[in-house]
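Let us walk through this structure one piece at a time. Keep the sequence and the 3D view open as you read.

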Amino acid sequence: MIQNPILGQYVPGDSPLHRLDPRAKLLFVFCFMVVVFLANNGASYGLLAGVTVLAVGLSGVPVWMILRGLKPILYLILLTAILHLWLTRGGGVILEWGPFIIHRNGALQAGWISLRFLILILMGTLLTLTTSPIALTDGLERLLSPLTRIGVPAHELALMMSIALRFIPTLWEETDKIIKAQRARGADFESGGLYKRAKSYLPVLIPLFISSFRRAEDLALAMEARGYRGGRGRTRIRELHWGRADTVSLLILALLTVGLLWLRN
Amino acid sequence: MEPILQLDGVGYHYGSPGDGNDPEWILTGLNLCVNPGEYLAVMGPNGSGKSTLAKLMNGLLTPITGKIRVAGLDPGNDRDLPLIRRKVGMVFQNPDNQIVGTTVKDDVAFGMENMGVPRKQMLIRIREVLERTGLAGLEEASPHHLSGGQKQRLAIAGVIAMQPEVIIFDEATSMLDPTGRREVLEVMGELYQGGTTIIHITHSPQEAIRAERVLVLAEGQPQLDGPPAELFRHREQLADWSLEMPLAAELKERLRCHGMPIREDITGMEELVEDLWTLLSKA
């Protein structure tokens, strides 16, 4: 069986972060990602790191799970760090080795940028680890709904996302089935170079696409038969509750912003 | 009694009128009346217009000729359409492709959300319909983890939550295993007992004989319309309509041909077994 990559993200739980309203979490993470760029010295980065560690602690998600999520991004962080080490000048040379000259500012910059990256990724990961995809969708729909007046199709976007979520496991299962069927007919997915292997997936993708279109047509018909007429006049079964903790989380965000403005040079 | 569904001279063909080709009519001048509370099975070969008929009945398609009235409403009228969708529910063939929600509860709610039912009432109805379809306790389950029969019962739950007067089952059992099929047929039977009008489109005479009335469609026209026993009186023609005799009926016919005194109006296996027992005890 192939692993389902997307639904593996969310770790169900009952931590303070899990209990927060998805709107609060989305707002928090979105604003956080902006204010991160305010930090430019040890004190301000320290504050950000502190908040991040606190959030990780509050999430109740095992640390190894969070670190596992960081792994794919590690190379990117390393690469940018090396580039900064190498290319940023000023502040005097601290190491010289052939064509490799490291300046003080380069070392500092590399450290800060890596830390900033790490903090951004951690916060983003925490959001998806503690919020179910469907709650995220709901949160996004409500947050975007004031924008429907200027033509943002908030309801349609949310419906699209939730249908995608609904069908991801179904399509994975189908992919698996097609792969097995093609294997039984002698298809080879393992040997050859990258190009050849990629090409060997064509006989999997084509039937998958065809069946997806058929599914989409069936689903559209079924939705119409059940009286779907777009977002207007609909009631909702899923409710969001804005509690005191949600307001507090945004207050913390405000305090953080003020703190950063005060601490930065 | 005012019929719940009334078709007068309904004709339909696919393809637009202006594309040059002579359209192939799927249905021609079809007249049909369905009374409230009836259990009607619709049979016929592939392409005989069974599914088209179903889609015409709740306004997914509009007839090219003729007129349809659904509970006195006109599916051609956009203002009547939401009400028609509420009154005539539909369960489709593929269990996977009609589930919208990411959880059982969400999916049952989908139709009611479209109707604008208040949330409190939705919760009450969800509990009730999941109980009726034997899915209680699975509220938060992902549809992907359900069996075929459960998925189809979920589709039914979503439809009955809208409290329709008619439910059309468009080959709703054809993709299920025997267990799933039995479960769905049971729910259908209960709905019928509860007074819902059932229209069951099927290939299987075995399933059709559960209905109180069978309609055989072929070449755009009803070929036969009557109680299920009528079906077996036209045994020779069944093959022309690519239908197969159920085992019990076939066996009965052959035994009768050999001069065995077996009742002619037998439709089910139980009755046949009963007759065979009486015959044996006499012998």
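Start inside chain B, at B:A71. This residue is buried, because 20 other C-beta atoms lie within 10 Å. The cut-offs are simple: a residue is buried if 20 or more other C-beta atoms lie within 10 Å of its own, exposed if 12 or fewer, and partly exposed in between, with C-beta atoms placed from the backbone. B:A71 is not a glycine, yet its phi is positive, about 50°. Look for B:A71 in the loop between β4 (65–70) and α2 (81–87) of chain B. Such element names come from DSSP runs, numbered from the N terminus: helices are H or I with at least four residues, and strands are E with at least two.

Before going further, note what kind of model this is. It is predicted: local features need pLDDT of at least 70, side-chain atom pairs count only at pLDDT 80 or more, and totals for chains, interfaces and linings use all residues. Residues are numbered from 1 along each chain as its sequence is written, while chains are lettered from A and ligands numbered from 1 in the order in which they are written.

Now move to another loop of chain B. B:E219 sits between β8 (213–218) and β9 (221–226) of chain B. Phi of B:E219 is also positive, near 55°, and this residue is not a glycine either. Is B:E219 buried or partly exposed? B:E219 is partly exposed, because it has 15 other C-beta atoms within 10 Å.

Of the 283 residues in chain B, 46% are buried.

Chain A comes next. It has ten helices and two strands. Along the sequence they follow the pattern α-α-α-α-β-β-α-α-α-α-α-α. The radius of gyration of chain A is 24 Å, well over the 18 Å that the globule rule gives for 265 residues, so chain A is more spread out than a compact globule. The C-alpha trace of chain A spans about 70 × 55 × 35 Å along its principal axes. Buried residues make up 20% of the 265 in chain A.

Within chain A, find A:L87 in helix α4 (residues 63–87). A:L87 counts as exposed, because it has 11 C-beta neighbours inside 10 Å. How far apart are A:L87 and A:E239 in space? Their C-alpha atoms are 51 Å apart, and the two residues are 152 apart in sequence.

The UniProt record, an unreviewed entry, annotates "transmembrane region" at residues 24–40, 73–95, 107–130, 150–168 and 242–263 of chain A. Positions are given in the numbering used here, feature names are shortened, and annotations may be inferred rather than shown by experiment. Residues 73–95 of chain A are 65% helix and 13% strand, with end C-alpha atoms 27 Å apart. Residues 107–130 of chain A are 100% helix and 0% strand, and their end C-alpha atoms lie 35 Å apart.

Follow α7(A) now. At 1.5 Å a residue, its 31 residues should span 45 Å, and its end C-alpha atoms are 44 Å apart, which agrees. The expected span is 1.5 Å times one less than the number of residues. A kink of about 40° lies at A:F167, shortly before the proline A:P169. That bend is the angle between axes fitted to the seven residues ending there and the seven starting there. A:A158, A:S162, A:R166 and A:F167 are buried in α7(A). The buried residues of α7(A) pack against α6 (133–144) of chain A. Just after α7(A), A:G186 takes a positive phi of about 95°.

Finally, see where the chains meet. The contact takes 26 residues from chain A and 31 residues from chain B. Two residues are in contact if their C-beta atoms, placed from the backbone, lie within 7 Å. On the side of chain A that touches chain B, α7 (154–184) and α9 (202–225) of chain A are the elements that give two or more residues. α9(A) gives the most, with eight residues.

Conventions
Rg over C-alpha atoms; globule rule 2.2 N^0.38 Å.
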